[in-house]
Amino acid sequence: MLYPVELRVQNCRTQAYQFLRVAGTASIQNLAYTFRVISPRFGIRVLQSWLGVTLLTCSALAAPVSAPSVILITVDTTRADRMGFLGSQRGLTPNLDSLAKQSVVFSRAYSQVPLTSPSHATILTGTYPQFNRVNDFGMPLAETLPYLPKVLHDHGYKTAAFIGSVILDPKSGASPGFDRGFDEYDTGFASTGDRYQVYEHRAADVVSHAVDWLKAHPRSACFVWIHLFDPHAPYEPPEPYKSRYAANLYDGEIAYTDAALGTLLEQLKKQTLFDGSLIAVMSDHGEAFGEHGERNHGIFLYDETIHVPLLIKLPGQRFAGTRVDQRASLVDIMPTILQALSIPIPKSVQGKSLMALMTPSVPGASQRKPEDRSSYAETDYPYRDFGWSSLRSLRSDKYLYVEAPRKELYDQTADPQAAHDLSKQSPAITQTLASQLTALRRGTENTTKAPESAMNPALGQKLAALGYVSSGSVVAGASNENRADPKDKIEIANLVQEALLARESGHLQDATSALEKALSHDPGNAVVNRNLGTIWVDQQDYARALPYLRKAVELSPNTAMDRYNLGLAYLSSGNTEDAKTELEAAVAKSTSENSQSLGNLHYTLAAAYSRLGRADDAKREMRKSLALQPDDYESNLVMGQMLAQDDPNAAIPYLQKASKVQPTSPDPHILLFQIYTALGQATSAAKERTEAERLQQAGK
Ligand SMILES: [Zn+2]
């Protein structure tokens, strides 16, 4: 007799791994296409946008073929100072440098959030994080927000996204709502395989999917978003970049990504799409290599993670070679693209089109003083996931102001590295910028109730594989005024990130020693305790895991994920009574709206009840799991098994469903064989037995 509940609990590698069951979608499509050369897409629409004339748009109709296509390329984690077109001598970006010659280059472009999904939300909605509320992983992009893909789709554009990281996969729960307005949202992350199948895709693969799609849509006005994740940690470029850049693998990732973009640009030219299209290239945020003590990104708001590359090639290479030195922000991208296409900008958009900055001054016209645009940035990551203070910053005039428990002020013209804090010697300027920042936030914030995070254990595990901490709820800690200044804690964030990446690569010794080091600095850190606990759960060493997991729950009692981790460790170590208590708490505390995540909680609680002999409670929880995830293989299988004895006829449909969901598994057929045998239905029993044996043979 099978005991799938037990098997699944015993076999689990970690609390989260066992639930890593997000169905992979096969994204590689055999797109049949004919290669048709069409004339450059350079027509009336572009001319009208040049003349500042707005077309009467008819959203129900397809965009005219002559409408310029838009190719939006976001290269993750890419520092501005690695770009040849921004002065880098490293020679990493020949393709982007060549594109830059045909584009308008922004030398001072700034991200609004140093994190992937929040920054992309800003780019694609043209709104600030305090308005769009996508300020962490798992925060849903509300339907009421203006959204570039949706606006373009409504104007007849064919829309497609090609995504390089699971962070931007709505199906994973990390970025719910990001697929709105897209005809195609190509993620294709598998549930098993290496990291380039499960967590990220190589640039060449993403580009190849995009190229296939473009070839299949030769006559349409398109909006194509291409997201390339390679420069993000871990730095592992493929050969020959791995050898060539062995001394600086991050640079190797950038060189590799640039080469992949070269392929894309070549294809656009081949399809005569290049000249008529608007091509915008930017990074969502940069990367720190120890500047200000930070490694990676997410905690601080200095230039190493906030200053980003940005170039915009307008249709017909309009204004090619222009360099804009005024400050620009990623929140300005959406209104810029819409203005360039002569499409009305939705009223709720908060960014400001950059078109006016791109227009070269007319000879003879009176010299206008360049407009100073301030740029706002923020990060809630230190607060939401570590319990420290959030940070906000404002770049205005020549200053960078950072709002933190200990405020900072830098003169960016004299001190581009932001090494000399002037806040003490210039309190009046500090105060002025603080007031400006408050006014900007007040004028742009959203006062409606924030949506719930879609964070779940499986997603937490995926984010951990990319070096991020995430719990789906704010870590309990000091009150607002007394929260730690991230400046005092940055090494802990570094060590945790290092540990998460080491763990993902299987270097558990490195992971535990980094976390133990972090714990010696800060014994009361919930994140560190949680991660040490789950590493020992991984090793099935529950005696070592439990003190850390108990501490994490003590520090963060309202975090469903911590209650769940502890419950699972108890369940795995045979302490079913305590497991039941923690899992009941996890169900009660969960704010997740993700049906799979909630379903898994009920599934695990069913396992605890089942072990305690509380069959009715177990069935009730399993019904809840099935209501949330009717196609879940294990829930159907276990439900069938639980019903087999008392109500065999009721068990049959669940097992048939399980066999449909996983047609290669012999288990449902073994159970069906047993049930039909007990019911005296010899023919059906024989059929199931044959099928079970066939599948067992095939699986060997
Ligand atoms: Zn990113």
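Student: In which strand does tyrosine 376 lie?

Tutor: In this predicted model, tyrosine 376 belongs to strand E11, which covers residues 375-379.

Student: Is tyrosine 376 buried or exposed?

Tutor: A residue counts as buried if 20 or more other C-beta atoms lie within 10 Å of its own. Tyrosine 376 has 24 other C-beta atoms within 10 Å, and therefore it is buried.

Student: Which residues does tyrosine 376 touch, not counting residues up to four places away in sequence?

Tutor: Its contacts are Gln112, Tyr128, Leu394, Leu437 and Leu440.

Student: Why is strand E6 largely enclosed by the rest of the structure?

Tutor: Six of the six residues of E6, residues 278-283, are buried, so the strand is largely enclosed.

Student: Which strands are joined to E6 by bridges?

Tutor: Six bridges join E6 to strand E1 (residues 70-75), and these two run parallel. Here leucine 72 stands opposite alanine 280. Four bridges join E6 to strand E9 (residues 307-313), and this pair runs antiparallel. Isoleucine 279 has lysine 313 of E9 as its bridge partner.

Student: How many helices and strands are there in the protein chain?

Tutor: The protein chain has 28 helices and 14 strands, and 54% of its 700 residues count as buried.

Key: Residues numbered from 1 in each chain as written. Predicted model: local features only at pLDDT ≥ 70, side-chain atom pairs only at ≥ 80, totals over all residues. Buried ≥ 20, exposed ≤ 12 C-beta atoms within 10 Å, placed from the backbone. Pairing = 2+ DSSP bridges. Contact = placed C-beta atoms within 7 Å.
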